[in-house]
Amino acid sequence: MQKLKKANLYRNELIPISGKLVERYNKCLLKLGFSETKLTNFSIDGAGWSPEIAEEKNENFYLNNGEANTHAIIISPKQKGLPVYNPFHSFDKELMKTVFRKHGDKINNITRDSAICIDFDQKIDTFYEPLDVLKYKEINIKFHLINNLDVAKAEQLKMIETFKKDTNFIDENIHQQLLASAKKYGDLRERTLDLESIVFASDSFYTKAFGGIFVLRDFVKPILIFEKEETYKEAINDTTYDVLMYHISHKELIDRLLSYDIIEFDLNEEVTGKRYDRIKKYIFSSFLKETNHPIKDILQDPILFKSYLNKIDIQERKRVMGLELFLQKKEISKTIKAKDILDDELFVALNKPHSSLKAANQDLIWYLLVNIAPKDVLFLYWYDKEQFYERFKNLNESVQDWVVETIINGY
């Protein structure tokens with residue numbers, strides 16, 4: 001991962017946490033029902049998730065109380081706009097944007113000396129079966145302050161009202177109560193500590209619950225796409241809901257997505273674009289085992305590309321140059337179809353979200369496509385960083401160099 005870190009492509013927007021902030025973070029963990037961290041220094045993302053704490057606890061989703069209950073922690077206004085590096089749902093980043101958009105000024109005030117624990121409540125205490133994910137509709141974003149600072153303010157204001165009544169201003173017990181509150185919490189009279197709940201309406205989304213499920217809602221009928229075979233087999237026996245269900249590996253899935261105008265195969269755009277060039281080169285790199293030149297040079301130098309292309313097996317060559325082969329055949333026969341010539345993964349990789357979809361759904365469908373056919377390194381990095389990181393570790397070092405340069409150029 002050093003190459004990615006050096007290029008600022010590996011979790012480069014985390015913020016460091018130490019000192020008093022660690023204490024506040026631990027109070028949030030306890031308030032949410034988790035155990036404290038023993039670390040004295042760590043880093044967090046926009047939702048307060050820390051890769052170091054995840055490693056310490058050996059649990060990536062240590063801010064979850066089961067798959068149905070997710071949480072976030074805000075201990076610094078610097079979290080505003082930061083990426084959410086380990087989302088459990090595809091809308092988690094939008095949830096955090098909504099929080100800062102609604103309560104940004106209050107967050108600045110509160111985090112001077114406190115921290116905010118966030119509960120994303122969709123009114124589901126726990127999941128029992130896969131189709132429970134269809135119950136996701138509205139998410140009530142609830143806020144809780146450590147040390148119950150909002151409660152302390154209410155009590156402080158109540159004491160002040162009592163102090164003002166009659167001759168209470170000479171009552172030494174009230175004096176002591178006010179002084180004790182001020183020493184512990186400071187003067188809370190002018191502090192803005194009330195964070196009203198926010199209702200977030202979920203649309204189509206992806207969740208990592210039950211091994212990963214895509215929920216597409218805006219079409220003829222709801223479509224569920226399962227990443228885990230066992231979950232799919234369990235779900236198809238449930239007749240409670242009128243939905244379409246597929247496993248992500250099903251070949252007919254792509255045909256369905258095309259017929260419902262969820263995705264489209266825009267040949268003219270892809271054949272002239274950089275995306276196809278990236279996909280072709282990445283596929284080619286997987287067939288280059290023993291070379292006299294660095295693979296990065298082979299992918300970037302047209303002469304070397306042709307030289308090594310003619311050295312690999314003919315079937316592998318057809319997989320790399322499938323699109324060019326299809327276009328040649330199409331000049332002879334207009335009825336020939338791309339999916340009949342192209343390698344399955346190349347065909348999927350050349351599809352894109354339908355242009356009629358709204359932006360949020362386009363992002364979701366890109367995420368789906370790069371999971372079915374992770375052949376575009378730039379889009380895989382954009383839409384599924386965790387999978388990208390896992391794949392990157394296993395690449396040839398020269399291919400890694402090409403990938404890093406490709407992503408930087410893509411930005």
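**Pockets, strands and salt bridges**

Helix H17 gives the most to the lining of the largest pocket, with five residues. The model is a predicted one, and this pocket has a volume of about 1,100 Å³. Its lining consists of 36 residues, and those nearest the centre are Ser90, Lys93, Asp363, Trp382 and Tyr383. Two or more lining residues come from each of helix H4 (92-110), strand S6 (198-201), strand S7 (205-207), helix H17 (359-372), helix H18 (377-383) and helix H19 (385-393). In terms of domains, domain 1 (1-145) and domain 2 (250-409) each contribute at least three residues to the lining of the largest pocket. By class, the lining of the largest pocket holds 18 nonpolar, seven polar and 11 charged residues.

The second largest pocket has a volume of about 330 Å³. It is lined by 17 residues, with His250, Lys251, Ile254, Asp344 and Val348 nearest its centre.

The last topic is charge pairing. Side chains of opposite charge can pair when their charged atoms come close. The count of salt bridges in the model comes to 20. One of them joins lysine 135 and aspartate 132, at 3.5 Å from N to O. How do the two partners stand in terms of exposure? Lysine 135 is partly exposed, with a relative accessible area of 42%. Aspartate 132, at 5% relative accessibility, counts as buried, because the cut-off for buried is under 20%.

A second salt bridge links the side chains of glutamate 405 and lysine 296, at 2.9 Å from N to O. Glutamate 405 lies in helix H20 (residues 397-410) and lysine 296 in helix H11 (residues 295-300), so the pair ties together parts that are 109 residues apart in sequence. Glutamate 405 is partly exposed at a relative accessible area of 29%, and lysine 296 is partly exposed at 21%.

Glutamate 390 and lysine 393 form another salt bridge, with their closest N and O atoms 3.1 Å apart. Both residues lie in helix H19, three residues apart, so they are separated by about one helical turn. Glutamate 390 is partly exposed, with a relative accessible area of 46%, and lysine 393 counts as partly exposed at 45%. Elsewhere, salt bridges that share partners join Lys3, Glu397 and Asp401 into one network.

Definitions and conventions
Residues are numbered from 1 along each chain as its sequence is written. This is a predicted model: local features need pLDDT of at least 70, side-chain atom pairs count only at pLDDT 80 or more; totals for chains, interfaces and linings use all residues. Side-chain values use heavy atoms; hydrogens and water are left out. On a 1 Å grid over the protein atoms alone, a cavity is a set of points where a 1.4 Å probe fits but cannot get out, and a pocket is an open set with protein on both sides within 12 Å along at least five of seven lines; lining residues have an atom within 4 Å of a point. Grid points are joined across faces, edges and corners, and a volume is the space filled by probe spheres set on the points. Helices (H or I, at least four residues) and strands (E, at least two) are DSSP runs, numbered from the N terminus. Ala, Val, Leu, Ile, Met, Phe, Trp, Tyr, Cys and Pro count as nonpolar, Asp, Glu, Lys and Arg as charged, and the others, Gly among them, as polar. Domain bounds come from an automatic or database domain assignment. A salt bridge is a side-chain nitrogen of Lys or Arg within 4 Å of a carboxyl oxygen of Asp or Glu. Buried means under 20% relative accessible area, exposed over 50%, partly exposed in between (1.4 Å probe, protein chains only).
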